[in-house]
Amino acid sequence: MEDMLNLGDRGLQVRPLGIGAWSWGDRFFWQYGSDYGEKQVREAFEAAINSGITLFDTAEVYGQGESERLLGKFHQSCEAPVHIATKYGPLPWRLFKSSVYDAVSASLERLQLDSIPLYQVHWPFTCFMSQETLLNALADEVERGRIQAVGVSNYSADEMMQAQQILQSRGVPLAVNQVRYSLLSRTIETKGILDMAKDLGVVLLAYSPLAQGLLTGKYTARNSPSGGRKMDAKFSVKGLQRIDPLLGMLRELGQKYQKTPAQVALNWLIGQGGIIPIPGAKTAQQANDNAGALGWNLSSEDWIRLEQASRPWL
Ligand SMILES: NC(=O)c1ccc[n+]([C@@H]2O[C@H](COP(=O)([O-])OP(=O)(O)OC[C@H]3O[C@@H](n4cnc5c(N)ncnc54)[C@H](OP(=O)(O)O)[C@@H]3O)[C@@H](O)[C@H]2O)c1
């Protein structure tokens, strides 16, 4: 069994793979309610739990609260441990500490929880409420026991260090920085975020770790996704041609290890240590497939081959 990772200092331990719940309830980008709905995402939740995954990532904005509501419902009928991570949006009209209190109250209600295991700041917007005020309000919530660990998301190396210092002065560790990270999106390495996280002992939650489905290898010029991804140049004919050699390598390694391309792509992230990919899954089949990224390791030679093949995305 792989090493467990600690999130914060209140005993929250998770395996190095979670599941993202953005698509659960989101009609705008993911088209929830078209070819999948509550039944399918409940099955994805159950499949994840049955394969030993306990970390579920959501946000108050996903599906305008529907993702949190669904998770709230699902964990009520589940006896296994469930660790929910949600996010606070520092929106323009949220000016005071009381905005944080109100947002936590609303998330607690939708999630049907007394305390949120991991509460993250969704983006580093500082023009409306300073980081000082915001992070102190979150430290207050830790003291109240309404949240157990504090994280941030989309923070640069400097912003992450500053956040850690502010929280540390209140005796609260910065548990995570949630950032976009996959074989097709490696800028956190060139921007110093990966190194800074290691130095600070901050775990990175890797979002869009399958590049929104591209690294599964299922999308082609004739089979492109509907919804928000249509606008993304990575899904264009040119974009798909560009990733072809990398997909070829994922397939080749998949055959060698008897794994799918998605499992190989996720294992490449997990193998670095201190990183928890949180792939989104709309169905039990996807959740099961992704869970198969755990329990084995790419050899160091194969890990390096993928590292080299994905350098264009550094
Ligand atoms: N903090 C932030 O700013 C931020 C931003 C983005 C995401 N996130 C978080 O990160 C999570 C994951 O990111 P993401 O959803 O953008 O991208 P992702 O995990 O790279 O891709 C998820 C999508 O890929 C497809 N897929 C997943 N597993 C599959 C499998 N095994 N086989 C075939 N297809 C599969 C599914 O869509 P199709 O079936 O439609 O292809 C799924 O919705 C989100 O749910 C959210 O929790 C956070």
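Which residue, just after H8, takes a positive phi? In this predicted model, in which local features need pLDDT of at least 70, side-chain atom pairs count only at pLDDT 80 or more, and totals for chains, interfaces and linings use all residues, that residue is Gln-258, with a phi of about 60°. Residues are numbered from 1 along each chain as its sequence is written, while helices (H or I, at least four residues) and strands (E, at least two) are DSSP runs numbered from the N terminus.

Helix H8 itself covers residues 237-257, and its 21 residues reach 29 Å from the first C-alpha to the last, close to the 30 Å expected at 1.5 Å a residue, where the expected span is 1.5 Å times one less than the number of residues. Shortly before the proline Pro-245, a kink of about 45° lies at Asp-244; the bend at a residue is the angle between axes fitted to the seven residues ending there and the seven starting there. The buried residues of H8 are Ile-243, Leu-246, Leu-247, Leu-250 and Leu-253, a residue being buried if 20 or more other C-beta atoms, placed from the backbone, lie within 10 Å of its own. These buried residues pack against helix H9 (261-270) and helix H11 (300-309), with contact taken as C-beta atoms, placed from the backbone, that lie within 7 Å.

We turn next to the sheet. It is an open sheet of eight strands in the order E3-E4-E5-E6-E7-E8-E9-E10, with parallel pairing, and two strands pair if DSSP finds at least two bridges between them. Strand E3 (19-20) and strand E10 (275-277) stand at the edges, each with a single partner strand, so one side of each is left without a neighbour in the sheet. Two bridges join E3 to the parallel strand E4 (residues 55-57), and Ile-19 stands opposite Phe-56 in E4.

Elsewhere in the sheet, strand E7 (residues 147-153) pairs with E8 in the parallel sense over four bridges, with Gln-178 in E8 as the bridge partner of Ser-153. Strand E8 (residues 174-180) has six of its seven residues buried, so it is largely enclosed by the rest of the structure. Five parallel bridges link E8 with E9, and Arg-180 stands opposite Tyr-207 in E9. In strand E9 (residues 203-207), five of the five residues are buried, so this strand too is largely enclosed by the rest of the structure; Val-203, Leu-205 and Tyr-207 point one way, and Leu-204 and Ala-206 the other way. Three bridges then join E9 to E10 in parallel, where Leu-205 stands opposite Ile-276.

Asp-289, in helix H10, counts as buried because it has 21 C-beta neighbours inside 10 Å, and, not counting residues up to four places away in sequence, Asp-289 touches Thr-260, Ala-262 and Gln-263. Ala-291, also placed in helix H10, is buried with 22 such neighbours and, under that sequence exclusion, touches Leu-17, Ala-48, Ser-51 and Ile-53. Ala-291 and Ile-19 are 272 residues apart in sequence, yet their C-alpha atoms are 9.1 Å apart in space.

Notes: A residue is buried if 20 or more other C-beta atoms lie within 10 Å of its own, exposed if 12 or fewer, and partly exposed in between; C-beta atoms are placed from the backbone. Two residues are in contact if their C-beta atoms, placed from the backbone, lie within 7 Å.
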